[in-house]
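Please look at the protein below, first as a sequence and then in 3D. A short briefing on its inside comes after it.

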Amino acid sequence: MAPRTNTPAKERSGRASTQSPALHAADSHDLIRVHGARENNLKDVSVELPKRRLTVFTGASGSGKSSLVFSTIAAESQRLINETYSAFVQGFMPTLARPEVDVLDGLTTAIIVDQQRMGADPRSTVGTATDANAMLRILFSRLGKPHIGSPQAFSFNVASISGAGAVTLERAGKTMKERRSFSITGGMCPRCEGRGQVNDIDLTQLYDDSKSLNEGALAVPGYSVDGWYGRIFSGCGFFDPDKPIRKFTKKQLNDLLYKEPTKIKVEGINLTYEGLIPKIQKSMLSKDVDSLQPHIRAFVERAVTFATCPECDGTRLSEQARSSKINGISIADACAMQISDLAKWVGTLDEPSVAPLLAALKHTLDSFVEIGLGYLSLDRPAGTLSGGEAQRTKMIRHLGSSLTDVTYVFDEPTIGLHPHDIQRMNDLLLQLRDKGNTVLVVEHKPEAIAIADHVVDLGPRAGTEGGQVMFEGTVEGLRASDTLTGRHLDDRASLKSSVRTPSGKLAVRGAATHNLQDVDVDIPLGVLVVVTGVAGSGKSSLIHGSVSGQDGVVSVDQTPIKGSRRSNPATYTGLLDPIRKAFAKTNSVKPALFSANSEGACPNCNGAGVVYTDLAMMAGVATTCEVCEGKRFQASVLEYHLGGRDISEVLAMSVTEAEEFFGAGEARTPAAHKILQRLADVGLGYLSLGQPLTTLSGGERQRLKLATQMGGDGGVYVLDEPTTGLHLADVEQLLGLLDRLVDSGKSVIVIEHHQAVMAHADWIIDLGPGAGHDGGRIVFEGTPADLVAARSTLTGEHLAAYVGA
């Protein structure tokens, strides 16, 4: 913006051509300067980023993009804003440490839109996650006929309760008693408690009725005879623990299964006894199934059947909440509508008394449509959204915002987007920039890199071989540079000259999950099949709904890896088990000694390698443990060697080094070598075995998961967008991996948008033509060459343009 002066206009115009006015000091801060960033694997990185421009960060997965953008720039901006609040308020906020960086200058408020999947809480839906439900509840509490109460009466998270009784008050030095009554009208369905599903427990999976409790009748994980629960059940006195369960009286069986919480004394200790079923419901069934540990999840899937609640028909709402309507539509009907249809319905309401509310609700719903999520419904559980859908849902609240001079930080916003949808996302990013905001984007797709005003390329490779700035400048400059990204930016896969012949077929008949419209399709086996189509066309519904659950199918979906700072690639992949056994066998000691989470842990830091000091509202301080010097193990454990290395040295090795180490010689361990080979196959050769999972990038976690699942015994592999978080150069390696899987006799089905994977397929199944109720049909089946030749679908047009046909 031109600086303002108080010179008269005539004088200014006469002088403009000869002398430019001095730049105002406030207009000189047009750069975000980062000097000496050392967060994670960054090696003293210094960059200058232009404000009010769109900067894209590129580089191999794990090269340090997120460390620079999220862990340094965005983290410091958030920390500085948090520091403006009082110490009391800061106590309730996440505490952030100052990033490892020398200078950070010119920061503005950062709004982070990351690719973290939404919480999979059973009561969280698209509507509750975006405030759309809150506005709808107010709307129905004002306009709904009959009027049933406040907005709470339409919320499936609020139960209806009432009560009365005497309360004791201290008033003017006297103690008085008063009678009080209260009632809350909530909208929660009393049968399913707002979950939309009821569960039925198969008692035969809970216990073997031919055995007594002391003989180990209970089959519930964690309820062993010699554990705490075993002692409670045998010492409670409600039944004989030595009597087979089938000989229990009706009352004894009821006490075992359903008894209300009751105070008891076992071995002199006061405890609470509770029946088996309410105990399981609280500890296992109230959580999302996907978030449970694998063995508990397997038990829940075996013992519990989930069915739509018969009382509310899956709407989660009480009959009273469903009885109040506006123009014949209840709140349950509104939430079940496709959002694009709901936006039209809200547009037809004309009620001056709630005009501001209608305008805000209409804007939110239109934002869904604008961002390409008009095919969702507000009652869709948030945990079922893909990574890309979750990220775009988070973007909704920022569209149409009046804020300017804000830094928006995006983590691969094109995840899960068909090439047709990427253009729309690009327009949104440019729209944010043109309002005067700084937009920072971490991205791999060439179509998204192309719109950048400024590019920062990190590398040269990943992990310890990355963390340096390889290039800064324009997209054209990047294309001409000799960096890994520059060399691969114009890579275009060509169609295969010949495709494989299927060895059989997997028949899917009458698939009707979500928006699928009675789809019949034969999926060829023994070849590489790519399932594609615009976002929301029904790809995941078809494959996960009809294929994934079958025997012999190994499914690698998009659910994120859960792992604490104690988890690492060795523990996650199961690699540590054969390593511990090899150490134990060689040194004739227990395997548990070689676990930093078990007996071998350093007693000072409990095997964490660092000691954490909590400083309340200040960021906690982590200092390297001075006893084990960060090695995590007791000194005595480090005296045991295998092949001349101790356990801490083995965990410090990279996958490539370890593959060599365990492949031959004294340390030869075939079980460990096999897992390491798989890790190298997916391109994670540079990872160190003991690196905490919390420090891995999204793409690295996806590939770690792929390597783990590849050890499965299945004959059919289903991969959901395996190119997520992958650099252009890594896509080539992934295609080689898919080819090796198919050549070894496996069938591979890939849900994917990346044109390089489509071009490499033997068979393509394209869904569409649109999203939501405009999709859910098969619009093409055949070879990639036929799809390009026909150009009858959106995918066909984009693939033809990509391969230059």
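Predicted model: local features only at pLDDT ≥ 70, side-chain atom pairs only at ≥ 80, totals over all residues.

Residues are numbered from 1 along each chain as its sequence is written, and side-chain values use heavy atoms, with hydrogens and water left out.

**Nonpolar cores**

- In soluble globular proteins, nonpolar side chains tend to be buried together.
- A nonpolar core here is a set of buried Ala, Val, Leu, Ile, Met, Phe, Trp, Tyr and Cys residues joined through side-chain atoms within 4.5 Å.
- Buried means under 20% relative accessible area, exposed means over 50%, and partly exposed lies in between (1.4 Å probe, protein chains only).
- The largest nonpolar core has 69 residues. Those with the most contacts inside it are L136, L139, F140, L342, W345, L378 and F410.
- Helix 5 (residues 132-143) gives the most to this core, with 6 residues. Helices (H or I, at least four residues) and strands (E, at least two) are DSSP runs, numbered from the N terminus.
- A second, separate core has 68 residues, including V556, V637, Y717 and L726.

- Strand 15 (residues 438-442) is largely enclosed by the rest of the structure, because 5 of its 5 residues are buried.
- T438, L440 and V442 point one way from strand 15, while V439 and V441 point the other way.
- Two strands pair if DSSP finds at least two bridges between them.
- F57 stands opposite V442 in strand 15.
- Strand 14 (residues 407-411) also pairs with strand 15 in the parallel sense, over 5 bridges. Here F410 stands opposite V441.
- From strand 14 the chain passes through helix 15 (residues 419-434) to strand 15, in a right-handed β-α-β crossover. Right-handed means that, with the strands pointing away from the viewer, the path from the first strand over the helix to the second runs clockwise.
- What does F410 touch, leaving aside neighbours within four places in sequence? F410 is in contact with F70, V113, Q391, M395, L429, L432, V439, L440, V441 and V442. Contact means heavy atoms within 4.5 Å.

- Helix 14 is mostly covered, with 8 of its 9 residues buried. Among them are G387, E389, Q391 and M395.
- The buried residues of helix 14 pack against strand 5 (110-113), strand 14 and helix 15.
- L385 sits in the loop between helix 13 (355-370) and helix 14 (387-395).
- L385 is buried, with a relative accessible area of 1%.
- Not counting residues up to four places away in sequence, L385 touches R117, M118, V126, L376, R380, A390 and T393.
- L385 and T125 are 260 residues apart along the chain, yet their C-alpha atoms are separated by 9.6 Å.

**Helix 13**

- L357 lies in helix 13. Is L357 buried or exposed? L357 counts as buried, at 16% relative accessibility.
- L357 touches M135, I138 and L139, not counting residues up to four places away in sequence.

- Most residues other than glycine have a negative phi, and most peptide bonds are trans.
- A cis peptide bond joins K145 and P146, with omega about -5 degrees. P146 is in the loop between helix 5 and strand 6 (161-171).
- The peptide bond from G768 to P769 is cis too, with omega near 0 degrees. P769 is in the loop between strand 26 (763-768) and strand 27 (777-782).
- R52 is not a glycine, yet has a positive phi of about 55 degrees. R52 is partly exposed, with a relative accessible area of 31%.
- E721 has a positive phi near 50 degrees. E721 counts as buried, at 8% relative accessibility.
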